[in-house]
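Subject: Structure handover

Hello,

Here is the structure for you to look over. My notes follow below it.

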Amino acid sequence: MSVQKIPAATAEELTRPVWLRAVITVVFAVVAIFWQGETVTLLKISIAGFFVLGATAIWDYAKVEAVPNTLRGPLAMGAAAWVLSGVAVIFVNTATAAAVIAAIGFTAMGLAELVGGLRARNDFVPARDQIILGAVGVLTGLALAIGLQLDPHGILGLAGMGVTIMAVVLLISGAGLLHDVKRGRSSTR
């Protein structure tokens, strides 16, 4: 089976939103894993920031003209779920409530990426990354749902594990897109 390449123009349009999401994801992963003395306030602010900022990067990705509607619609719905979850988590007072909202947000976005990625994978090569990201998102949501009784440190640890995997996938995807852009530029010379 031959390797399908992403057209250079499409790769160039997708590079910025993928790298933006990668950076947001890495920052959240670092906070979630290495921050000491977690409180409910840190939990709420970090989840809200990750969801809202991540949703903007996903929305920028979905707006790219090359992204097929079979992926664009689910990504838009997932981004909306993240914005709503990000706003809602600010108004809760307990770690358990924050974990419930985070579980809902991760699961909703995970399902959106999984469904969109599966629908678009044959026509749009980058959609295959959404399948992986979606599966990790759903598993992170399930882990948070199981760990509702944990303290803020445990909840951030569970979210951080999933987000770390997402960060690695996004960094690899972003590097691949940059490679495709450079390949496209060198072939036009």
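Start with Arg21. Leaving aside neighbours within four places in sequence, Arg21 is in contact with Ala57, Ile58, Trp82, Glu113, Gln130, Leu133 and Leu170. Contact here means heavy atoms within 4.5 Å. Arg21 lies in helix H1 (residues 8–34). Helices are DSSP runs of H or I, at least four residues, numbered from the N terminus. Arg21 is buried, at 6% relative accessible area. Buried means under 20% relative accessible area, exposed over 50%, partly exposed in between, with a 1.4 Å probe and protein chains only.

Before going on, the ground rules. This is a predicted model, where local features need pLDDT of at least 70, side-chain atom pairs count only at pLDDT 80 or more, and totals for chains, interfaces and linings use all residues. Residues are numbered from 1 along each chain as its sequence is written, and side-chain values use heavy atoms, with hydrogens and water left out.

Next, the helix pair. H2 (residues 40–62) and H3 (residues 69–90) pack at about 160°, with axes 8 Å apart. Axes are lines fitted to C-alpha atoms, for helices over the stretch in contact; angles run from 0 to 180 degrees between N-to-C directions. That makes H2 roughly antiparallel to H3 (under 35 degrees counts as roughly parallel, over 145 as roughly antiparallel, 65 to 115 as roughly perpendicular, the rest as oblique). The residues of the H2–H3 contact divide into 18 nonpolar, 3 polar and 2 charged. Nonpolar covers Ala, Val, Leu, Ile, Met, Phe, Trp, Tyr, Cys and Pro; charged covers Asp, Glu, Lys and Arg; the others, Gly among them, are polar.

Ile47 is buried, with a relative accessible area of 2%. Not counting residues up to four places away in sequence, Ile47 touches Phe28, Val89, Ala98 and Ala102. The C-alpha atoms of Ile47 and Gly105 are separated by 9.6 Å, at 58 residues apart along the chain.

Last, the rings. The count is 7 aromatic pairs. Rings of Phe, Tyr and Trp (its six-membered ring) pair if their centres lie within 6.5 Å; planes under 30 degrees apart are stacked, over 60 edge-to-face, the rest tilted. Phe50 and Trp82 have ring centres 5.1 Å apart and planes at 55°, so the pair is tilted. Phe50 lies in H2 and Trp82 in H3, so the pair ties together parts 32 residues apart in sequence. Phe50 and Trp82 are both buried. Ring pairs link Phe28, Phe50, Phe51, Trp82 and Phe106 into a cluster.

Best wishes

Notes. Helix = DSSP H or I, 4+ residues; strand = E, 2+ residues; numbered from the N terminus.
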